[in-house]
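Let's look at this structure together, one question at a time. Have the picture open as you read.

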Amino acid sequence: MAETAGQLPNRSASEPAARNNLGALVILVLAFAPQITELLTSCAGLIFNFSGRNPLQVLSAHGSALVFAISGLATQSFGGKAALSSDTLLALIYTYPMLAVAVFTLLVRLRAPQDYFGGVVLMAIALFALWASSDLQGMHGFSFGAGTAPRMFGVLLLALGAAVAVTGVFIDGAELATYHWRGPLFVMLAIVAFAVSIRPLGLVVSGLASFLISALGTHETRWVETVIVGVCLTIGCALLFPYVLGLPMPLFPRFLVQ
Amino acid sequence: MADLFHNLALGFGVAVSPTNLLLCLIGALVGTLVGVLPGIGTIATVAMLLPITFGLPPVGALIMLAGIYYGAQYGGSTTSILVNIPGEATSVVTTLDGFQMAKQGRAGPALAIAAIGSFFAGCTATVLIAVLGAPLTKLALAFGPAEYFSLMVLGLIFAVVLAKGSVLKAIAMIVLGLLLSMVGSDIETGASRMAFNIPELADGLGFATVAMGLFGFAEIIRNLDAGGEADRELVQQKVTGLMPTAKDLRDSAPAILRGTVLGSILGILPGGGAVIASFAAYTLEKKIAKNPSRFGRGAIEGVAAPESANNAAAQTSFIPLLTLGIPPNAVMALMVGAMTIHGIVPGPQVMQKQPELVWGMIASMWVGNLMLLIINLPLVGIWVRLLRVPYRLMFPCIVIFCAIGIYSVNNAPVDVILAGVFGLVGYWLIKHDFEPAPLLLGMVLGPLMEENLRRALLISRGDWSVFVTRPLSAVLMAIAAFLLVLAVLPSLRKKRDEVFVESEN
């Protein structure tokens with residue numbers, strides 16, 4: 001979840017009110033992030049033929065869960081037998097509290113945005129973990145169930161995240177740091193490229209390709225020297241890892257070897 | 001005492017075999033290299049080289065990894081003194097006086113004193129490990145689950161107290177690490193926890209993966225942010241007159257001694273480690289100096305004390321790992337990983353069942369320190385030239401090395417992507433002033449803590465008071481509580497912040 005918040009926009013100095021609006025908006029998106037993620041995965045599932053719920057089912061299930069979660073909770077607490085569905089629990093445990101945090105963000109003046117948003121994201125992680133471990137067995141007499149420790153740590157993190165956020169409201173501190181997009185984007189792209197291509201294409205191709213992609217991460221790159229170093233490094237790695245160290249690793253593209 | 005000599009003899013027998021000597025040399029050299037190059041830390045390197053050690057025998061693998069760790073302490077000081085760039089976090093304070101000495105043309109003595117101090121500290125720490133190892137192992141046998149749990153709590157609290165910045169944030173990071181360690185299958189029931197039916201998560205998050213993300217990739221991304229080559233004002237005047245004068249030796253001898261003692265103590269304590277030791281040693285020297293204003297203007301004590309302290313701490317931090325099986329810091333946590341890969345469960349039983357492993361490693365540390373002393377000074381020129389390699393060429397190499405390293409741990413592409421994701425997480429953490437090191441420590445200790453907590457409560461039949469009614473456990477808990485109170489007391493916090501502020505200027 002934390003990486004979602006890594007996209008907290010890079011805002012230049014402006015009056016505090018405007019900052020809070022944007023911050024609240026980001027938290028709002030964060031509140032619905034699990035639902036959105038599942039929706040997107042199910043769309044991808046349509047294309048690539050995964051098993052699982054289709055987008056319409058996802059949409060209706062989460063939609064009704066979000067709308068009727070409170071009434072579901074009410075019926076259950078008045079002796080209803082039906083257990084709450086996982087979607088309803090997600091709404092109750094994760095989304096509703098995060099919505100409350102988003103609203104809260106609109107109302108307060110932040111003294112240390114860096115701490116505040118850091119704390120809020122920790123809270124989000126904790127709430128999400130509480131939901132994710134809600135289907136696990138709890139204490140069984142005096143022996144721990146599978147879910148006891150995760151829930152314990154989840155509650156602890158929730159409290160600590162809240163405490164960090166609260167200090168951000170009351171104690172003066174640092175503004176949000178600026179994020180740059182170039183380095184993270186290309187380094188991440190290079191990593192993904194390597195992961196995707198190492199099996200089918202082998203070390204030589206994928207190593208050189210991701211070397212060049214990651215070199216895009218800075219505008220200082222001079223291409224001639226980069227390509228030379230890249231080729232040398234690739235040759236070095238192709239000798240070092242499979243031969244000297246004896247680690248099993250495909251070297252050349254599969255279609256060439258066959 | 002006879003036992004001690006017998007053990008050491010056994011150790012040296014293992015350590016001086018040609019293969020192990022070679023591995024020790026490689027480890028020390030790689031460590032120095034890593035220490036010299038800024039932008040790649042010890043944790044990332046140890047994580048990166050884990051797969052390389054798969055093919056080696058366990059002793060050799062551990063000797064090499066240990067070599068990297070203490071080698072890095074040497075290398076870090078070289079660049080701190082010559083170019084004012086700490087290659088490692090542990091040698092940040094060395095820049096204060098070391099670089100000033102170099103500017104005054106006394107780079108040679110500074111380097112020599114750093115090396116001599118490190119060597120002395122390394123020797124002392126080696127003896128200390130040998131002496132303390134056996135008794136602590138006996139103590140470990142008196143430990144039940146409740147004591148283990150309390151000890152780990154104490155260790156984590158130590159990590160918080162000694163970390164820089166906000167106490168609250170450090171605790172939050174530890175708990176986040178504990179929470180992350182819960183991902184995967186539950187050991188006792190086998191239930192899959194928070195794995196979302198993703199098969200790769202069923203085994204939990206590998207912490208070589210997480211370490212590489214948080215310390216390797218995140219560091220690269222952050223360095224790219226800074227943009228522009230960090231101006232490296234190379235002092236490229238020839239390093240002449242390596243030998244320190246008699247006055248230098250007289251001045252630095254007590255500082256080396258104090259640094260060694262302080263470093264050894266801080267290294268043993270769980271949660272301590274080399275970084276904090278060097279800061280503490282510098283502060284101590286400044287406090288007791290007759291003329292504190294000399295510090296920051298090329299005082300040789302300001303080089304001698306922290307360099308001895310970080311080396312001593314780097315080595316004594318093996319003590320809790322070897323005797324109790326509890327890693328006191330992130331690098332040691334990776335050593336646990338290395339041991340587990342080779343089928344060794346760290347803890348008191350290792351010393352009894354595989355004495356040649358433990359003592360071989362201990363003896364190799366002394367050998368390694370000797371090698372470093374001999375090879376380090378002549379190689380200074382090469383290390384400095386290496387610093388001229390621009391970051392724009394270095395970072396793609398590190399990215400590729402890390403990627404191949406992670407991939408080869410499990411031959412799993414998903415691990416590589418996970419490490420990348422943790423790289424972004426680490427970048428975000430840095431931006432919000434959270435420290436990743438406590439997170440990693442929490443992640444390693446998480447499963448151990450859960451297991452011991454479960455067991456303690458099962459044995460006590462659900463009675464939580466077991467942690468304060470068993471005497472050993474009660475003492476540990478009391479120390480932990482006391483430390484926590486101290487850490488949040490405003491007066492001490494102020495002092496603690498001062499130490500760090502001072503060192504960052």
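Two residues are in contact if their C-beta atoms, placed from the backbone, lie within 7 Å. This is a predicted model, in which local features need pLDDT of at least 70 and side-chain atom pairs count only at pLDDT 80 or more, while totals for chains, interfaces and linings use all residues. Residues are numbered from 1 along each chain as its sequence is written, and chains are lettered from A and ligands numbered from 1 in the order in which they are written.

Q: How many residues of chain A are in contact with chain B?
A: Look at where the two chains meet. On the chain B side, 52 residues take part. Their partners in chain A number 66.

Q: Which class supplies 35 residues to the side of chain B that touches chain A?
A: Ala, Val, Leu, Ile, Met, Phe, Trp, Tyr, Cys and Pro count as nonpolar, Asp, Glu, Lys and Arg as charged, and the others, Gly among them, as polar. This side of chain B has seven polar and ten charged residues. The class with 35 residues is nonpolar.

Q: How many helices does chain A have?
A: Helices (H or I, at least four residues) and strands (E, at least two) are DSSP runs, numbered from the N terminus. Chain A has zero strands, and from the N terminus on its elements run α-α-α-α-α-α-α-α-α-α. The number of helices is ten.

Q: What percentage of the residues in chain A are buried?
A: A residue is buried if 20 or more other C-beta atoms lie within 10 Å of its own, exposed if 12 or fewer, and partly exposed in between, with C-beta atoms placed from the backbone. Chain A has 258 residues. The buried part of chain A comes to 35%.

Q: Are helix 6 and helix 7 of chain A roughly parallel or roughly antiparallel?
A: Axes are lines fitted to C-alpha atoms, for helices over the stretch in contact, and angles run from 0 to 180 degrees between N-to-C directions. Angles under 35 degrees count as roughly parallel, over 145 as roughly antiparallel, 65 to 115 as roughly perpendicular and the rest as oblique. The axes of helix 6 (residues 113-132) and helix 7 (residues 148-170) of chain A come within 7 Å and cross at roughly 160 degrees. That angle makes helix 6 of chain A, relative to helix 7 of chain A, roughly antiparallel.

Q: Is the crossing of helix 6 and helix 7 of chain A left-handed or right-handed?
A: A crossing is left-handed if the near helix is turned anticlockwise from the far one by less than a right angle, and right-handed if clockwise. For helix 6 and helix 7 of chain A, the crossing is left-handed.

Q: Why is helix 4 of chain B called oblique to helix 16 of chain B?
A: Helix 4 (residues 58-83) and helix 16 (residues 355-376) of chain B have axes 9 Å apart. Helix 4 of chain B is oblique to helix 16 of chain B because of their packing angle, which is about 40 degrees.

Q: How far apart are the end C-alpha atoms of helix 18 of chain B?
A: The expected span of a helix is 1.5 Å times one less than its number of residues. Helix 18 of chain B has 20 residues, so it should span 28 Å. The distance between its end C-alpha atoms agrees with this, at 29 Å.

Q: How many residues of helix 18 of chain B are buried?
A: Helix 18 of chain B has 20 residues and is mostly covered. The buried ones number 16.

Q: Is Asp433(B) buried or partly exposed?
A: Asp433(B) sits in the loop between helix 19 and helix 20 of chain B. Although not a glycine, Asp433(B) has a positive phi of about 65 degrees. With 16 other C-beta atoms within 10 Å, Asp433(B) is partly exposed.

Q: How many C-beta neighbours inside 10 Å does Asn452(B) have?
A: Asn452(B) belongs to helix 20 of chain B and touches Pro145(B), Tyr148(B) and Phe149(B), not counting residues up to four places away in sequence. Asn452(B) counts as buried because its neighbours number 21.

Q: What distance separates the C-alpha atoms of Arg106(B) and Ala481(B)?
A: Arg106(B) lies in the loop between helix 5 (94-103) and helix 6 (107-141) of chain B. Arg106(B) and Ala481(B) are 375 residues apart along the chain. Their C-alpha atoms are separated by 46 Å.
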